[in-house]
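Let's take a walk through this fold together, starting with how its strands and helices connect and then moving on to its pocket and a few residues.

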Amino acid sequence: RPGADLGRAAVEAADGTETGAEVPQGCVGAGTGAVAGGIKGGVGTASVVLPSGATVAALAVVNAAGSLLDPGSGILYGARTGLGDEFLARGLSATPPDEERHTRAQERLSAAREETRRRQAGPVQPLNTTLAVVATDATLTRPQAQKLAGTAHDGLARAVRPVHLLTDGDTVFALSTGRLPLVPESPETPDGTADRSGWGAHLEAMELNAVLAAGADVLTRAVVHAALAAGGVDGPGGVFPSYRELYG
């Protein structure tokens with residue numbers, strides 16, 4: 001099981017990669033044994049660059065008691081949040097599942113859950129945790145970072161239902177590299193004059209709101225990427241098909 005030594009090794013491995021290197025997703029690292037609502041979970045990531053130039057990104061390990069897909073249609077709850085064709089490139093169908101495909105997928109998922117219960121030989125108390133980190137290069141104070149972590153939970157709630165249950169340990173961490181100020185040191189008012197009326201504080205609130213909103217959005221997208229990147233698992237602990245195996 002992971003401990004301090006593996007945590008240090010992970011940090012050193014990350015530090016040894018080039019800036020901008022692709023982040024492994026799916027059944028890797030902490031996502032290896034992740035499950036979400038009976039289908040295979042995993043690691044997912046997403047990011048966005050705001051008009052201010054600030055980047056907001058999320059990395060999520062999706063291991064949830066709740067489901068990632070609408071039981072009535074088979075559509076991933078967070079699928080509509082994608083930017084461009086990012087989800088299509090990961091294997092998401094361009095059209096919603098038709099009734100026949102959805103019925104087959106639900107039958108297969110039901111059989112997998114039944115086989116999992118048989119292999120586990122008795123009732124198992126579900127204990128799940130979706131862990132995420134939301135990061136930005138915009139300079140944040142500690143209270144602002146705490147606010148970012150809190151609002152990012154809204155992104156988790158858009159992608160997983162139900163969420164934040166007593167059997168979940170859902171946690172979101174937030175951090176800032178402090179590369180960019182939220183606003184210039186001497187912001188000008190809209191008419192180009194020097195700031196003498198609190199315009200700087202107003203502008204900072206506007207930019208912070210943009211970061212907060214983006215934090216929730218990128219976390220939703222990261223959860224979807226985790227589901228699309230994961231591969232199915234058939235092992236001693238149960239049968240957990242991937243979303244792409246069911247609906248791809």
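A crossover is called right-handed if, with the strands pointing away from the viewer, the path from the first strand over the helix to the second runs clockwise. Helices (H or I, at least four residues) and strands (E, at least two) are DSSP runs, numbered from the N terminus. With that in hand, β5, helix α3 (residues 142-159) and β6 make a right-handed β-α-β unit.

A word on ground rules. This is a predicted model, where local features need pLDDT of at least 70, side-chain atom pairs count only at pLDDT 80 or more, and totals for chains, interfaces and linings use all residues. Residues are numbered from 1 along each chain as its sequence is written, and side-chain values use heavy atoms, with hydrogens and water left out.

**The overall picture**

The protein has 5 helices and 8 strands, and from the N terminus on they come in the order α-β-β-β-β-α-β-α-β-α-β-β-α. The C-alpha trace spans about 70 × 45 × 35 Å along its principal axes. Out of 248 residues, 41% count as buried, where buried means under 20% relative accessible area, exposed over 50% and partly exposed in between (1.4 Å probe, protein chains only). If a contact means heavy atoms within 4.5 Å, then residues 24 or more positions apart make up 73% of the contacts with a separation of 6 or more.

**How the strands pair**

Two strands pair if DSSP finds at least two bridges between them.

| Strands | Sense | Bridges | Partner residues |
|---|---|---|---|
| β5 and β6 | parallel | 7 bridges | Ala138 and Leu180 |

β3 and β4 form a hairpin with 5 residues between them, and Gly53 in the turn has a positive phi of about 100°. Ser52 also belongs to the loop between β3 and β4. Ser52 counts as partly exposed because its relative accessible area is 40%. Pro181 is 129 residues away from Ser52 in sequence, yet the two are 9.9 Å apart in space, C-alpha to C-alpha.

Now for Val61, which is found in β4. Is Val61 buried or exposed? Val61 is buried, because its relative accessible area is 17%. Leaving out residues up to four places away in sequence, Val61 touches Ala30, Gly31, Gly42, Val43, Thr129, Thr130 and Leu131. Val61 and Val160 are 99 residues apart in sequence and 12 Å apart in space, C-alpha to C-alpha.

His164 has a positive phi of about 60° although it is not a glycine. With a relative accessibility of 40%, His164 counts as partly exposed.

**The largest pocket**

On a 1 Å grid over the protein atoms alone, a pocket is an open set of points where a 1.4 Å probe fits, with protein on both sides within 12 Å along at least five of seven lines; lining residues have an atom within 4 Å of a point. Grid points are joined across faces, edges and corners, and a volume is the space filled by probe spheres set on the points.

The largest pocket holds about 1,800 Å³ of space. Its lining consists of 41 residues, and Ala10, Ala14, Val23, Val43 and Leu59 lie nearest its centre. The elements that give two or more residues to this lining are α1 (4-15), β3 (42-49), β4 (55-62), β5 and β6. By class, the lining has 24 nonpolar, 13 polar and 4 charged residues. Here Ala, Val, Leu, Ile, Met, Phe, Trp, Tyr, Cys and Pro count as nonpolar, Asp, Glu, Lys and Arg as charged, and the others, Gly among them, as polar.

**One last residue**

Ser242 sits in the loop between β8 (238-240) and α5 (243-247). Ser242 is buried, with a relative accessible area of 1%. Not counting residues up to four places away in sequence, Ser242 touches Lys40, Ala230, Gly231 and Gly232.
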